[in-house]
Amino acid sequence: MHRKEILRAVKFTLFSISAGIIEIVSFSLLTELTNLPYWPCYLTALVLSVLWNFTFNRRYTFQSAGNVPKAMLLVAAFYCVFTPLSTLAGNALANLGWNEYLVTVLNMIVNFVTEYLYDKFVVFRDSIDTNPLAKSGEKG
């Protein structure tokens, strides 16, 4: 693998970890401080982490100057598939007695892998390394 692609994967991982922290903290707060069932806690936490992750990965990981609304729509399309599947699967596992935190972490791992591939090969495919950071040669 090319050095630049390794660095890109590391950046994606680090931003995903930060988004994961946002997701698990918001999920925990909603789970522990409300009487909401699993799915609204998970869904709210997921949306918060997606917004964070998209913003930072677009700018720093994929360094894209591409059309933001188009990229956001493509990410929204991904989540139109991922969210219902992960919410239903997570809710089913939680209803079977699986630990809600374990279910959320499993969903986060699946999300991490599939979103990286989708972002790289679909969302930012034609606009990787086109923003001013990439053009100036900065490593930001």
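## Helix packing in a predicted model

The buried residues of α1 are R8, K11, F12, F15, S16, S18, A19, G20, E23, S26, F27 and T31. They pack against α2 and α4. The model described here is predicted.

**Helix α1 and its partner α4**

Helix α1 covers residues 3-33. The helix has 31 residues. From its first C-alpha to its last, α1 reaches 44 Å, close to the 45 Å expected at 1.5 Å a residue.

Helix α4 runs over residues 100-123. It packs with α1 at an angle of about 145 degrees, and the two axes are 10 Å apart. The crossing of α1 and α4 is right-handed. Which classes of residue make up this contact? Eight are nonpolar, six are polar and eight are charged.

**Helices α2 and α3**

Helix α2 spans residues 38-61. Helix α3 spans residues 68-95. The axes of α2 and α3 come within 10 Å and cross at roughly 150 degrees. An angle over 145 degrees counts as roughly antiparallel, so α2 is roughly antiparallel to α3. Their crossing is right-handed.

The α2 side of this contact consists of Y38, W39, Y42, L43, L46, V50, F54 and R58. The α3 side consists of V68, A71, M72, V75, Y79, F82, T83, S86, T87, G90, N91 and A94. By class, the contact of α2 with α3 has 14 nonpolar residues, five polar and one charged.

**Helices α3 and α4**

How do α3 and α4 run, and what angle do their axes make? The axes come within 10 Å and cross at roughly 155 degrees. The two helices are therefore roughly antiparallel to each other. The crossing of α3 and α4 is right-handed.

From α3, the residues in this contact are A71, L74, V75, A77, F78, Y79, F82, S86, G90, L93 and A94. They meet E100, V103, N107, V110, N111, T114, E115, Y118, D119, V122 and V123 in α4. The residues of this contact divide into 14 nonpolar, five polar and three charged.

| α1 and α4 | about 145 degrees | eight nonpolar, six polar, eight charged |

Start with N53, in helix α2. Is N53 buried or exposed? N53 is buried, with a relative accessible area of 5%. Leaving out residues up to four places away in sequence, N53 touches F12, F15, S16, A19 and E115. Among the buried residues of α1 are F12, F15, S16 and A19. E115 is one of the α4 residues that meet α3.

Y42 is also found in helix α2. Its relative accessibility is 1%, so Y42 counts as buried. Which residues does Y42 touch, not counting those up to four places away in sequence? They are E23, F27, F82, S86, T87, T104 and N107. E23 and F27 are among the buried residues of α1. F82, S86 and T87 belong to the α3 side of the contact with α2. Y42 and L30 are 12 residues apart in sequence, and their C-alpha atoms are 8.6 Å apart in space.

A71 sits in helix α3. With 6% relative accessibility, A71 counts as buried. A71 touches F54, V123 and F124, again not counting residues up to four places away in sequence. F54 is one of the α2 residues in the contact with α3. V123 is one of the α4 residues that meet α3. A71 and V123 are 52 residues apart along the chain, yet their C-alpha atoms are separated by 5.6 Å.

Most residues other than glycine have a negative phi. Q63 is found in the loop between α2 and α3. Q63 is buried, with a relative accessible area of 5%.

D129 lies in the loop between α4 and α5, and α5 covers 132-136. D129 is partly exposed, with a relative accessible area of 22%.

Notes
Residues numbered from 1 in each chain as written. Predicted model: local features only at pLDDT ≥ 70, side-chain atom pairs only at ≥ 80, totals over all residues. Heavy atoms only, no water. Axes fitted to C-alpha atoms, helices over the stretch in contact; angles between N-to-C directions. Helix = DSSP H or I, 4+ residues; strand = E, 2+ residues; numbered from the N terminus. Left-handed = near helix turned anticlockwise from the far one by under 90°. Nonpolar A, V, L, I, M, F, W, Y, C, P; charged D, E, K, R; others polar. Buried < 20%, exposed > 50% of the residue type's maximum accessible area, 1.4 Å probe, protein only. Contact = heavy atoms within 4.5 Å. Parallel < 35°, antiparallel > 145°, perpendicular 65-115°, else oblique. Expected span 1.5 Å × (residues − 1).
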